[in-house]
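Below is a short briefing on one protein model. Please look over the sequence and the structure before reading on.

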Amino acid sequence: MTTTVPAIKSKMGSIEYYNAKLRAADLAAIARAASKGDDWANLSIEERLQRALNDKRVREEIVPYLANAEDRFFGSIIVLIYEPKVFAYESFGKWLNGETPAAYNEVIQQLGVLTIDGGDLIVLDGQHRWSALRALINRVNDKGQEITGPFVGDVREDELAVIFIPFYGSETTRRIFNKINRSAKPTGRSDNIITSEDDGYAILTRKLVAAGEPLSVADSKGELIVNWRSNTLSDRSSQITTVSAVYETVKAICKENGFHFEEKERVVRPSDHELDAAYDHVAQWWTSLLEHLSVFKEAVDAPDLISTLRKNETDNLLLKPAAQIAVMRGLLIATRRYGLKNVQAIKRLNKINWDMHCPLWRDVLISAGDRIVARNENYARTAELIAYLLAGSSANYTDEDKDRLRESLAEFKNDSAYELPKPVA
């Protein structure tokens with residue numbers, strides 16, 4: 001099968017390659033994934049594990065994205081040209097004539113046509129995207145299930161950027177493959193929250209720090225009280241939390257109120273109506289926290305002094321992003337399950353001993369090395385403990401609930417004699 005495509009010939013170091021445009025249907029038809037049988041692919045165990053096609057990821061993440069997103073987009077897919085019968089590139093420059101404007105000559109010389117016939121076209125980078133495209137075009141996934149979505153029929157006509165690289169030998173090809181995989185750095189968690197336009201939780205998190213919104217408070221230098229550059233805070237930081245921690249609180253608030261915006265499940269951006277409704281709950285909680293949680297109010301009232309506040313409150317868990325996640329979950333349990341009012345529950349937080357060295361938190365949220373254990377099971381039990389401290393004296397908090405919590409914490413702390421502390425109110 002002969003493939004002829006418009007292309008630009010380029011060179012980086014000693015490697016010549018070709019930037020081309022190809023229909024998704026054509027790429028799916030002519031290319032294939034790399035396999036262990038390829039002569040050049042005598043990879044290490046680590047590289048082979050990295051190379052293995054993750055069918056579940058293709059089926060549950062990429063295929064739904066393509067089928068449901070009108071503004072879908074991929075970066076370039078890199079394809080190895082292996083032992084073709086015909087491999088030829090012709091520059092448009094050969095057809096230039098005296099009527100071609102001089103200003104265009106140099107540009108046209110860089111454009112041309114790439115012709116490939118026979119051999120193998122092997123996907124070096126982008127095999128999961130290629131596999132998803134093939135599934136969309138065939139309209140069935142790897143389990144034989146029909147793929148549905150408003151754009152299933154449109155994907156085959158999508159125009160893709162494809163980089164073709166000739167086979168330079170096994171060693172060179174392995175080196176290219178290795179650099180593609182090892183040099184490519186995935187975006188960090190904070191970057192994903194800042195840039196995602198389909199993750200509803202990320203959209204709501206960004207809205208919280210937009211001008212005029214609860215977390216838009218900044219110091220005299222314009223630095224927000226939310227650290228959006230990193231997932232951690234130093235003891236000298238001028239922020240009270242991180243965008244990652246805020247994201248987790250947003251997720252917890254949304255789920256508690258029936259809004260589920262997981263990007264892997266929703267794929268396409270939630271409607272503005274859903275986002276607005278969810279944001280009402282999110283903004284209400286954060287507004288109340290900043291007004292009624294003493295350490296937060298102190299920070300908001302004097303943002304230039306946050307670093308001093310953090311220095312004086314080095315061991316205060318309320319200034320630790322990981323602990324803040326557990327606090328929000330505890331508040332949601334206390335209000336939804338046991339009937340406390342939002343503001344009432346937040347004010348009671350001020351009565352809890354938040355010193356990370358307090359025995360209250362030992363082996364629940366804090367390890368023997370005085371470190372916060374940021375695992376979901378620790379968050380869950382800490383949240384239940386916080387809810388008990390806030391609402392344990394409520395008539396809605398039954399003896400059965402107390403016994404269940406005591407047994408759970410005793411097992412978690414490996415202390416059969418453990419007894420629950422007194423609620424703060």
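**Surroundings of P321**

Leaving aside its neighbours within four places in sequence, P321 is in contact (heavy atoms within 4.5 Å) with L233, T241, T242 and A245. The model is predicted, so local features need pLDDT of at least 70 and side-chain atom pairs count only at pLDDT 80 or more, while totals for chains, interfaces and linings use all residues. Residues are numbered from 1 along each chain as its sequence is written, and side-chain values use heavy atoms, with hydrogens and water left out.

**More on P321**
- P321 belongs to helix α14, residues 321–336; helices are DSSP runs of H or I with at least four residues, numbered from the N terminus.
- With a relative accessible area of 12%, P321 is buried (under 20% relative accessible area, 1.4 Å probe, protein chains only).

**Helix α3**
- Helix α3 covers residues 55–68 and reaches 19 Å from its first C-alpha to its last, close to the 20 Å expected (1.5 Å times one less than its number of residues).
- A kink of about 30° lies at I62, shortly before the proline P64; the bend is the angle between axes fitted to the seven residues ending there and the seven starting there.
- Buried residues of α3 include V58, I62 and L66, and α5 (127–138) is among the elements covering the buried residues of α3.

**Confidence**
- The protein chain has a mean pLDDT of 90, with 94% of its residues at 70 or more; pLDDT is the predictor's confidence in each residue, from 0 to 100.
- Over residues 44–50, pLDDT stays under 50.
- Where pLDDT is low, the predicted coordinates should not be read in detail.

How values were computed. Helices (H or I, at least four residues) and strands (E, at least two) are DSSP runs, numbered from the N terminus. Buried means under 20% relative accessible area, exposed over 50%, partly exposed in between (1.4 Å probe, protein chains only).
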